[in-house]
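Dear colleague,

I am handing over a structure for you to look through, and below it I have set out what was found. Please keep it open while you read.

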Amino acid sequence: MKKIILTSLALILSACGGSKDLSGEAVGSSSSSVSNVNETSTNNDSIDDAQLVNLGSRISGSAGSLDIYDFYEFTAIDGQFIKINLSGDTGSDLDVYVLNNSGLIVYSSSGDDSTEEIEFTASYAGTYYVYVYYYSGNESDYELIIEEDN
């Protein structure tokens, strides 16, 4: 059931023009320090409204039945190793996904709890999207870390 929902979501994102104008994009940061960022209320519930963050961001957010999706956008350099960690409250099931600049899911972590991790090497220079997906359970505060891993 979960895979059907995720496949449907990927198709919906693509059909809705799940991409952004990439002109003038910044090159990903190579800073190893982590800066704290707060989720921007509920205005980041779609790829078109993704909250812009830098590599090295520690994002505090929340997800639940009324806030199912939170999207974040960052840039990376071709060949850059990226590490994404998600940790939420006990009793919730949160998942995390990475989408390419066309809005297609390229990496995912969807275990049965609210602790997820993705590590990947950027295959192109440009925009990537991360979204936190509330799958089930209790509403949850979460911490999402998106960083370059050396």
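Leaving aside its neighbours within four places in sequence, Leu144 is in contact (heavy atoms within 4.5 Å) with Ser57, Arg58, Ile59, Tyr72, Ile84, Asn85, Leu86, Val96, Val130 and Val132. Please note that this is a predicted model, in which local features need pLDDT of at least 70 and side-chain atom pairs count only at pLDDT 80 or more, while totals for chains, interfaces and linings use all residues. Residues are numbered from 1 along each chain as its sequence is written, and side-chain values use heavy atoms, with hydrogens and water left out.

Leu144 also belongs to the largest nonpolar core, which has 24 residues, and together with Phe74, Ile84 and Ile146 touches the most other members. A nonpolar core here is a set of buried Ala, Val, Leu, Ile, Met, Phe, Trp, Tyr and Cys residues joined through side-chain atoms within 4.5 Å, where buried means under 20% relative accessible area with a 1.4 Å probe, counting protein chains only. Among the elements that give two or more residues to this core are strand E3 (57-63), strand E5 (81-88) and strand E10 (140-148), and E9 gives the most, with four residues. A second, separate core of eight residues includes Ile47, Tyr97, Leu99 and Tyr131.

As for the whole protein chain, there are one helix and ten strands, taken as DSSP runs of at least four residues (H or I) and at least two (E) respectively, numbered from the N terminus. Buried residues make up 44% of the 150 residues in the chain.

Best wishes

Definitions and conventions:
Buried means under 20% relative accessible area, exposed over 50%, partly exposed in between (1.4 Å probe, protein chains only).
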